[in-house]
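Hello,

Here is the structure I promised to pass on to you. Have a look at it first, and then read on for what turned up.

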Amino acid sequence: MFVLSASSAFAQDTTRGVRIGLTYDPGTKPGVVVLPIRAPAGDSLVAIFERDFDLSNRLAVVRLAGTPPPTAAGGRLNYQFYGTVGAAAVVQASVTPRGVHVALHDVAKGTVATVHDFPLTEAPYSRAWRHAVHGIADQVEEWITLRRGIAQTRIAFVRGNEIHMVDFDGEQEQAIPVVGAALSPAWHPSGQLLAYNTYGPESRIVIHDLRTGRTRHFGAQRNVTNLTPSFTPDGRSLVYSISTENGADLYLMPLEGDAFPRRVTVGRGSENVGPSFSPDGNRITFTSDRTGHPEVYIMDADGTNADIFTAFDFGDQNDRASPDWSPDGRQIAFQSRIDGRFQIFTMSIRDRQPRQLTSEGENEDPSWAPDGRHLVFVSTRTGTQQLWILDTESGKLRQLTRAGGTRLPAWSPRFGSR
Amino acid sequence: MTVTTRLMPVVLAFFAVSALGACRRAPEPVVPAVDTAAERMAREAELERQRQAAAAEAEAARQRAINDSIARVRAAEEEMRRASDMLRATVANVITFDFNKADLRDDAKAMLDTKIPILLANSNVTIRIAGHADERGSSEYNLALGQRRAAMAKRYLVERGVAEGRIETTSFGEERPICTESNEACWSQNRRDEFEITAGGPMLRRP
């Protein structure tokens, strides 16, 4: 049992970029203790913080066996004790009338490193409340490791012919209403719009506004299939594929003004689909069968200098698809058929050495998390198509969905920062 | 011999006798006259029965003729319907493709050749060609591949005289499999174009 002091020992301002304890280096995971929160929904807050830190794969949550040692006079924690259990940081939070007050303690220094009052007015346990709590966890993670967490993100995906999305921790799955049989959800960089395409007669590109629920759509034409929309990093345009009797080419469509699509690829009858932008917006990676079978290509954003990216050879009937450019711009994840099944690969732009990341079951449709470290993809390893998340640094795998038939995941950007 | 014919000699004889009797002026009791009234009634009754029998016979014959006519018309309609169903089935026949290919194989061309005369003979008929793919390959690539498979079949038909505006193309990619086993027997069925009549009357005429 401890007493949270409301004394002036707490600073009133966030100090961003505060690094706790040891020099942060990848491969080490600072230990963190989250103290119990005695308040309505306090247990849930602690549970969400701890789980978010676990799932980040960058912090080691230390769960105390019994009650924490008492706080000394003046609100001082027993830093020596926390040092012995392996914690570099202690998160001490309390519920206030307007939200959550968080004090982050640096165990090695034996002081409070930073404090902040987070507004939290949403109804406890609601989807919006959980979303806000994930944002607090991400901020705490940034205080400790200098890198903001990805707990406050969502993964959109296809289930049946519908678009669904789920929180980073697998909770709160929801469907968004669609105007037809839907595929290929894609996030706007603001996190506020989702694009997808419908297929069959009247195939079109749809943009769904998650704030208002309103949709706009374009492209419906006879004898045309519109597919694989992808927003530009500046959020002002959308690139997608138009498939006609003359093959499928990528087109750029500005979102504002009297817009019409402008052709980007010159496929000469080949199929060119699935664009993904480099984070600086200068280049596009995409799938093309211009050599007779699907491979991954890179071109400049204006369509020039298209060149094959997956130039390695696995034998006859090479089949590569679904590229996704990493948020740090350094590598592209994609799927490649090997031994008759698709597996997830990454390849860095520089060294062009393919790295195989999966081997069990069939694995497709990789999508990078905003941290450029985690990947979500579809796997049949359990017998049905499920979404799995891989930490490309540690190799840790986590099953994200349980109900079958999930496909085409798209990891959201971080939803606003603190 | 009818009753009338048999009676005729009797009647004639009667007239002859009565004529002779009138000459000889012998007013004998006319027993035959009393018999004649009864006979006449009997004869008329008999005649009436004959007339009714004949009428019934004629009515039956007329009815048989009508029924024969209806049956012939129905048979002809049934024949037309069967023929139209076969023509519709021919138009709806599926064509299949090799893996990751949209080229028309020879068997696909032969199948398309059977549709052309029917489409040319029924110019009010419009169709939709939907391209499909098997589950291998990425779903997104397969959606584009399906569109191309539909486009290839359409181009073949248009080059051979079917008006372009009568054929619509679309794609369902790998989203509408007709079987779900993971083997070539199933995959080869899923790599297909389907043909659906979207307008043009229930009955198709023979080419």
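**Where the two chains meet**

Between chain A and chain B the count is 5 salt bridges. One of the salt bridges joins the side chains of A:Arg407 and B:Glu175, with 2.6 Å from N to O. Please keep in mind that this is a predicted model.

Polar contacts also cross the interface: 16 residue pairs, both partners at pLDDT 80 or more, are found between chain A and chain B. On the chain A side, at least two residues each come from β9 (182–187), β13 (225–231), β14 (237–244), β21 (320–325), β22 (331–338) and β29 (406–411). Of these, β13(A) gives the most, with 3 residues. By type, the residues of chain A that touch chain B are 12 nonpolar, 15 polar and 8 charged.

As for the extent of the interface, 35 residues of chain A are in contact with 28 residues of chain B. Together the two chains bury about 2500 Å², and 48% of that lies on carbon and sulfur atoms.

**Chain A by itself**

Chain A has 29 strands and 3 helices. Its radius of gyration is 24 Å, close to the 22 Å that the globule rule gives for 418 residues, so chain A is as compact as a globular protein of that length. Along the principal axes, its C-alpha atoms fill a box of roughly 80 × 45 × 40 Å. Buried residues make up 57% of the 418 in chain A. Among contacts in chain A with a separation of 6 or more, 45% are between residues 24 or more positions apart.

Best wishes

Definitions and conventions. Residues are numbered from 1 along each chain as its sequence is written. Chains are lettered from A and ligands numbered from 1 in the order in which they are written. This is a predicted model: local features need pLDDT of at least 70, side-chain atom pairs count only at pLDDT 80 or more; totals for chains, interfaces and linings use all residues. Side-chain values use heavy atoms; hydrogens and water are left out. Contact means heavy atoms within 4.5 Å. Buried area is the accessible area (1.4 Å probe) that two parts lose on being put together, summed over both. A salt bridge is a side-chain nitrogen of Lys or Arg within 4 Å of a carboxyl oxygen of Asp or Glu. A polar contact is a pair of N or O atoms within 3.5 Å; within protein, one must be able to donate a hydrogen and the other to accept it, and residues adjacent in sequence count only if both atoms are side-chain atoms. Helices (H or I, at least four residues) and strands (E, at least two) are DSSP runs, numbered from the N terminus. Ala, Val, Leu, Ile, Met, Phe, Trp, Tyr, Cys and Pro count as nonpolar, Asp, Glu, Lys and Arg as charged, and the others, Gly among them, as polar. The radius of gyration is taken over C-alpha atoms; the globule rule is 2.2 Å times the number of residues to the power 0.38. Buried means under 20% relative accessible area, exposed over 50%, partly exposed in between (1.4 Å probe, protein chains only).
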